[in-house]
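I opened a structure that was new to me and kept notes as I went.

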Amino acid sequence: MNTGLGPATPSSNTLVGRLRTLLRARDGRLTRELLRSPGRFGLGQVPARLAPDAATGVVCGFCSTGCGLTVHLRGGEAVNLSPSADYPVNLGMACPKGWEALTVLDAPDRATTPLLRGDDGVRRPVDWHEAMSTMAGRFREIQALHGPESVAFLSTGQIATEEMALLGAVAKFGMGMVHGDGNTRQCMATAVVAYKQAFGFDAPPYTYQDFEESDCIVLVGSNLCIAHPIMWERVMRNRHRPEVIVVDPRRTETAASASLHLPVRPKTDLVLFYGLANLMIQNGWVDREFVEAHTSGFDDYARFVRRFGLLSVAYETGLHADLIRHVASLIHARKRVSFWWTMGVNQSHQGVRTAQALINLALLTGNIGRPGTGANSITGQCNAMGSRLFSNTTGLLGGRDFADPAHRAEVAEVLGIPEDRIPRTAGRSYDQILDGVRDGTIRALWVIGTNPAHSWIDQGSAREVLGRLDFLVVQDMYHSTETALAADLLLPAAGWGEKEGTFINSERRVGLIKKVRRAPGQALSDFHIIKLAAHYYGCGDLFAAWESPEAAFQILKALSAGRPCDVTGVRDYRALDEARGVQWPFPAAGHDPAPQRRLFADGRFYHPDGRAKFVFENPRPLAEEPDAEYPLLLLTGRGSVSQWHTQTRTAKSDVLRKLDPPGTRLEIHPADASALGVVAGRWAVVESRRGRVTAKAFVSPTVPRGQVFLPMHDPATNRLTLAEFDPYSRQPAYKACAVRVRPAKPDDDRPEPADGHGPRRAAGAVAAPWGGRDSERTS
Ligand code: SF4
């Protein structure tokens with residue numbers, strides 16, 4: 001007898017045999033699904049149904065770690081992928097997002113055709129000619145009426161360097177825009193300013209090998225375990241029994257795994273670092289030789305930190321004085337100390353000075369330029385570093401300054417454009433662009449690969465502002481993001497894996513992405529959409545040399561010549577591929593061919609005197625302290641290894657959604673929960689002065705008393721946050737605002753379960769989830 005699952009065997013004629021066959025069929029559809037065959041191309045065993053006929057290496061398109069992924073190809077199309085064992089970043093490892101990178105390309109809410117809103121308010125599919133001529137016409141019309149500054153762009157750290165450079169050049173040099181910024185303002189602006197002021201150039205000095213070579217690793221505001229899991233794996237490979245010190249108000253996954261956790265009161269880390277510096281200087285634990293030879297401003301700094309006595313620092317930070325003393329002695333005693341920070345520092349009202357307080361600690365102890373050391377900012381997005389150098393937003397192309405006539409002349413010469421086309425100022429930052437929309441000086445916005453209606457701080461206000469625009473163009477892979485739903489014109493873009501270009505990761509490694517899939521429908525690469533925009537606007541001739549991403553890469557090389565980020569020694573994409581990524585600098589003459597390189601081994605920094613500067617300033621209070629009405633402090637941060645930023649891509653994967661089930665979760669301390677009547681697993685309402693969120697209570701001592709935590713990827717979180725900014729970097733301070741919490745009542749809203757494919761939509765016309773601008777017809 002055959003069970004239908006496979007052929008009968010002799011033993012299947014007995015009752016026991018039949019039962020066995022029912023339980024374990026030796027052939028059939030399910031069994032064949034499990035069969036493995038040699039993968040070739042060094043892939044070991046792969047599922048037989050996915051056996052590739054070729055393989056190629058690319059870098060991952062989610063986070064700034066920049067892991068190498070081997071894409072398995074069949075007939076030129078990607079069928080699967082695996083982490084690359086020979087890539088120096090990840091050494092054969094990948095996090096769940098990387099493993100699922102192909103899945104998210106197949107989502108049903110991919111944008112496949114341009115959509116244009118008509119006079120009746122309804123959006124309909126149009127061809128590229130109509131889309132681009134309308135965009136160019138509207139931009140020109142608005143600029144003619146309100147001046148060139150009335151059109152601006154908001155871009156992303158998720159597109160290739162060649163694309164963001166072309167965008168910045170076309171928008172500012174071709175279309176006459178003055179204002180453009182990117183979502184890197186939300187993650188890295190603080191590190192950029194901190195490095196520029198301290199080192200003279202935006203230059204993260206490290207290589208990932210430093211995680212393995214440190215004997216003391218200080219992680220500040222970084223939940224490395226889940227935010228950068230492959231970097232944490234590099235820490236785990238460290239054979240020097242390092243002290244791992246985590247400075248974070250929450251007992252995060254990383255803090256729980258560390259040898260020492262310093263649960264500072266939120267935003268008192270600056271006070272802690274000044275106090276540590278004072279203690280070390282008082283004890284004579286200063287690398288005098290290094291400080292005298294390679295830094296400036298130390299004496300003023302030493303005088304300044306005297307006011308941060310141990311007891312007052314202990315009182316302000318909430319840490320025991322003995323613990324602070326112990327940390328200072330550890331930093332002194334260890335030979336290779338590395339200081340790492342990410343969003344807990346950057347997204348603060350005094351982020352720049354906090355980052356510089358860490359840089360100061362590295363300088364005064366001489367922990368820079370040697371293996372296992374450094375003042376090391378970890379980036380967020382896959383190409384944040386590319387954006388910092390080449391987006392042409394805050395800085396002129398190649399890490400230059402718009403205000404510097406010599407820099408403008410260099411760029412004009414490389415690009416072959418008239419110098420007077422280059423603005424003399426950097427233009428407005430992201431928050432100031434939104435202010436411009438609010439006050440009517442900016443009337444049209446071109447948003448590329450980012451989702452401000454979800455991710456911008458104080459979401460209600462941001463959405464109200466976006467609703468005021470005369471013309472909103474959104475260029476995105478998906479038609480379903482909160483911002484895409486509001487667009488007057490939606491331009492369908494290819495995603496990672498559907499186009500080529502380069503990303504630059506946290507350790508300055510330039511890596512390659514390749515086209516291993518066809519983009520769906522009429523979607524085009526961002527590079528080609530921007531080329532079309534230039535053509536229809538009438539400035540295409542200025543950018544004729546930007547023929548392809550690889551031609552653009554040659555232009556970027558020329559722009560980098562003689563700069564700290566010089567990559568003129570990289571011949572072309574093929575050379576980049578063969579080298580498994582190249583860290584800058586890599587000049588044509590005299591480059592170091594080592595695959596792992598750090599900066600400042602010679603003690604020379606980028607200021608004209610070759611010295612690094614101690615930069616410091618008195619700490620400032622929080623803009624919104626808890627009070628009687630709103631007695632708790634809301635912290636936000638990454639809540640899961642499997643979700644990425646606004647979940648635009650990661651929510652499309654069933655696997656990733658299973659790893660982090662949808663739904664807003666509020667972390668609250670058991671004592672606070674008990675005092676407020678909040679019960680684990682039940683609904684609670686979190687309110688700030690700006691909005692309200694209903695969330696399931698997750699009662700846990702991982703968050704201290706008086707504080708609560710919401711994950712930043714949840715669409716509701718930014719209803720609560722306060723629009724406060726670091727004064728130097730204009731980076732939003734997402735991490736702290738006052739809230740109150742109560743158990744939900746029966747008539748409180750409950751969040752609708754998300755299906756991962758964007759906000760719910762009815763057939764035909766639907767409203768944007770946040771009201772106002774949108775009604776849509778897609779057929
Ligand atoms: S750690 Fe970052 S770069 Fe590496 S696989 Fe995960 S998302 Fe991709």
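The notes below cover a sheet, a helix, aromatic rings, charges over rings and cysteines.

**Ground rules.** I am working with a predicted model, where local features need pLDDT of at least 70, side-chain atom pairs count only at pLDDT 80 or more, and totals for chains, interfaces and linings use all residues. Residues are numbered from 1 along each chain as its sequence is written, and side-chain values use heavy atoms, with hydrogens and water left out.

**Sheet.** I took helices (H or I, at least four residues) and strands (E, at least two) as DSSP runs numbered from the N terminus. I looked up an open sheet of three strands and found the order S3-S4-S5 with antiparallel pairing; two strands pair if DSSP finds at least two bridges between them. Strand S3 (54–59) and strand S5 (77–83) are the edge strands, each pairing on one side only. From one strand to the next, the twist averages 30°, with axes taken as lines fitted to C-alpha atoms and angles running from 0 to 180 degrees between N-to-C directions. Strand S4 (residues 68–74) pairs with S5 over six bridges, in the antiparallel sense. I noted one partner: Val71 is bridged to Leu81 in S5.

**Helix H6.** Is this helix buried or exposed? I use buried for under 20% relative accessible area, exposed for over 50% and partly exposed for in between (1.4 Å probe, protein chains only). Nine of the 11 residues of H6 (residues 189–199) are buried, so the helix is largely enclosed by the rest of the structure. The buried residues include Val192, Val193, Tyr195 and Phe199. I listed what the buried residues pack against, including strand S14 (337–341), helix H17 (351–364) and helix H18 (384–390); contact means heavy atoms within 4.5 Å. Just after H6, Gly200 has a positive phi of about 90°.

**Aromatic rings.** My search of the whole structure gave 24 aromatic pairs. Rings of Phe, Tyr and Trp (its six-membered ring) pair if their centres lie within 6.5 Å; planes under 30 degrees apart count as stacked, over 60 as edge-to-face and the rest as tilted. Phe211 and Trp340 are stacked, because their ring centres are 3.8 Å apart and their planes are at 15°. Phe211 belongs to helix H7 (residues 209–213) and Trp340 to strand S14, so the pair ties together parts 129 residues apart in sequence. Phe211 is buried at 0% relative accessibility, and Trp340 is buried at 0% too.

I then looked up Tyr274 and Phe304, which form an edge-to-face pair at 5.0 Å centre to centre, with 85° between the planes. Tyr274 is in helix H11 (residues 269–282) and Phe304 in helix H13 (residues 298–305), so this pair ties together parts 30 residues apart in sequence. Tyr274 is buried at 0%, and Phe304 is buried at 7%.

One aromatic cluster includes Tyr195, Phe199, Trp341 and Trp584.

**Charges over rings.** I count a charge as over a ring if NZ of Lys or CZ of Arg is within 6 Å of the ring centre and within 35 degrees of the ring normal. Arg138 lies over the face of Phe471, 5.1 Å from the ring centre. Arg353 has its charged end over the ring of Tyr728, 4.1 Å from the centre.

**Cysteines.** How many disulfides does a search of the whole structure find? It finds zero, a disulfide being a pair of cysteine sulfur atoms within 2.5 Å. For Cys216, the closest cysteine sulfur is in Cys225, 17 Å away and too far for a bond. Cys216 is buried at 0% relative accessible area, and Cys60 is buried at 8%.
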